[in-house]
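Me: I have a new model open on my screen and would like to learn how to read it. Could you take me through it, one feature at a time?

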Amino acid sequence: RSILPVLIYRSGLVSLIPVSLTFIGRELRMESFAFSKTEPDLNGSAREIAKAIWNIVFKFRRKLESDSNCDSRCLSCQANHLSKVMNSVISGEPVTFVLPAFPGKSPNLSKVLGPLPDMAERLALSFLEQLCAEIEAVYEPGARIIVCSDGRVFSDVVGMRETDVTAYQSELETMIGELGLTKISTFNLDELCADKNFCQVRRELMNEFGVSEASLREKVSSDDEARRMYLGITRFLVEDASFPGQTVSRTAIQKQSKIKALEVIRRSNAWSELIADRFPGAVRLSIHPQVCGSRKIGIRLVGAESWMTPWHGVAVRMQDSFILLKKYEAEALGAQLVRTESGRPSHYELSPGGAQ
């Protein structure tokens, strides 16, 4: 008879516990004295901790009106994501989320304040950090969010200048540092492009992860979710091209935007596949509303608008909270521009009587 420490896997954790080993004839009997105190003390099990994290994320979920009854208990939604959360909890590691977003400002200056991040991005990044803090309150290792800035992926299609994308990405990282956001990091196509040959790296992206335009057209014609995305991207492109002073007809803009929308989606899907390959254990977030059971979790960044994002609008303070509007909408309401100490445009403020 001897007493030895043995590694035991129980309730999703590995524990070092003392056991009694006794040989009776050829039979080996093992009896444990007590389980280690390293077992989870939050909600009793790794699954319950994972569900607590899941519930926090779902508070901020963006979903379609047709899925209004879908909530965090939905098994279809859990199927694609909960296991990844559980894997992180079991290993005692932070839950990793990836968010393809923050591409760069719209080139239409009637919608945004300029090419650089402003208060709208500050609010969105601060929200993401707060989301991680809420998760840390129920799970000590917490969470981290990798912002996969995708502007470089399709900048040449949507009319964003490469220099503006570079400046936006650089300022975004500066903003994360200035705000002291320790849970947020960035990843972009530039990291795969040491010589700054952006055209070449985009070609390599599409060669490895892209699908043909024909197959995408077929999917758009047969899949409601793909068609919804196509129509949404087309609308964005029409808006971005309809700036004051442009001379192209509305009909021509719409025709061009339909063609460009397919390429934007092709590029975005290839970027998503690259991200999945690079961060296989991460939970995938999206700034767009998602259908029930999607591989992505739609999440809002500022306010509860379905489509508005910091790079397609401006932040408007209304009393004690912010909303996102297009620049011309804010000005039409009588909102006043607010600048930073250095003189850069930051956001708008709308007095209580300004919307009358």
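Me: Which residue follows α5, and is its phi positive or negative?

Reply: The residue after α5 is G159, and its phi is positive, near 90 degrees. Helices here are DSSP runs of H or I with at least four residues, strands are runs of E with at least two, and both are numbered from the N terminus. Before we go on, note that this is a predicted model, in which local features need pLDDT of at least 70 and side-chain atom pairs count only at 80 or more, while totals for chains, interfaces and linings use all residues. Residues are numbered from 1 along each chain as its sequence is written, and side-chain values use heavy atoms, leaving out hydrogens and water.

Me: How many helices and strands does the protein have?

Reply: The protein has 11 helices and 12 strands.

Me: Back to α5, then: how many of its residues are buried?

Reply: Burial is read from relative accessible area with a 1.4 Å probe, counting protein chains only: under 20% is buried, over 50% is exposed, and anything in between is partly exposed. Seven of the eight residues of α5 are buried, so the helix is largely enclosed by the rest of the structure. They are G151, R152, V153, F154, S155, V157 and V158. For the protein as a whole, 48% of the 356 residues are buried.

Me: What do the buried residues of α5 pack against?

Reply: Packing is judged by contact, meaning heavy atoms within 4.5 Å. The buried residues of α5 pack against β5 (143–149), α6, α7 (198–209), α9 and α10 (250–278). Setting aside residues up to four places away in sequence, V153 touches L189, R202, L205, R267 and W271. V153 and R202 are 49 residues apart in sequence, yet their C-alpha atoms are 6.4 Å apart in space.

Me: What share of such contacts in the protein joins residues at least 24 apart?

Reply: Of the contacts between residues at least 6 apart in sequence, 66% join residues at least 24 apart. D240 in helix α9 (residues 224–241) gives another view of this. D240 counts as buried, at 8% relative accessibility. Beyond its neighbours within four places in sequence, D240 contacts S106, P107, N108, K111 and H312.

Me: How do I read a sheet, and in what order do the five strands of the open sheet lie?

Reply: Start with the pairs: two strands pair if DSSP finds at least two bridges between them. Here the order is β6-β5-β4-β7-β8, with parallel pairing. β6 and β8 (297–298) stand at the edges with a single partner strand each, so one side of each has no neighbour in the sheet. Within the sheet, seven bridges join β4 (residues 95–101) to β5, and T96 has R144 as its bridge partner in β5.

Me: Which strands does β9 join, and does it run parallel or antiparallel to each?

Reply: β9 (residues 314–318) has five bridges to β10 (residues 321–325), and these two run antiparallel. Three bridges join β9 to β12 (residues 345–350), and that pair runs parallel. For two landmarks, M318 partners S321 in β10, and V316 partners Y348 in β12.

Me: Which residue in the hairpin of β9 and β10 takes a positive phi?

Reply: That is Q319, near 60 degrees, in a hairpin with two residues between the strands. F102, in the loop between β4 and α4 (119–138), also has a positive phi, near 50 degrees, in a residue other than glycine.

Me: Which residues line the second largest cavity?

Reply: S149, Q169, L172, E173, T186 and N188 line it. The largest share of this lining, three residues, comes from α6.

Definitions and conventions. On a 1 Å grid over the protein atoms alone, a cavity is a set of points where a 1.4 Å probe fits but cannot get out, and a pocket is an open set with protein on both sides within 12 Å along at least five of seven lines; lining residues have an atom within 4 Å of a point.
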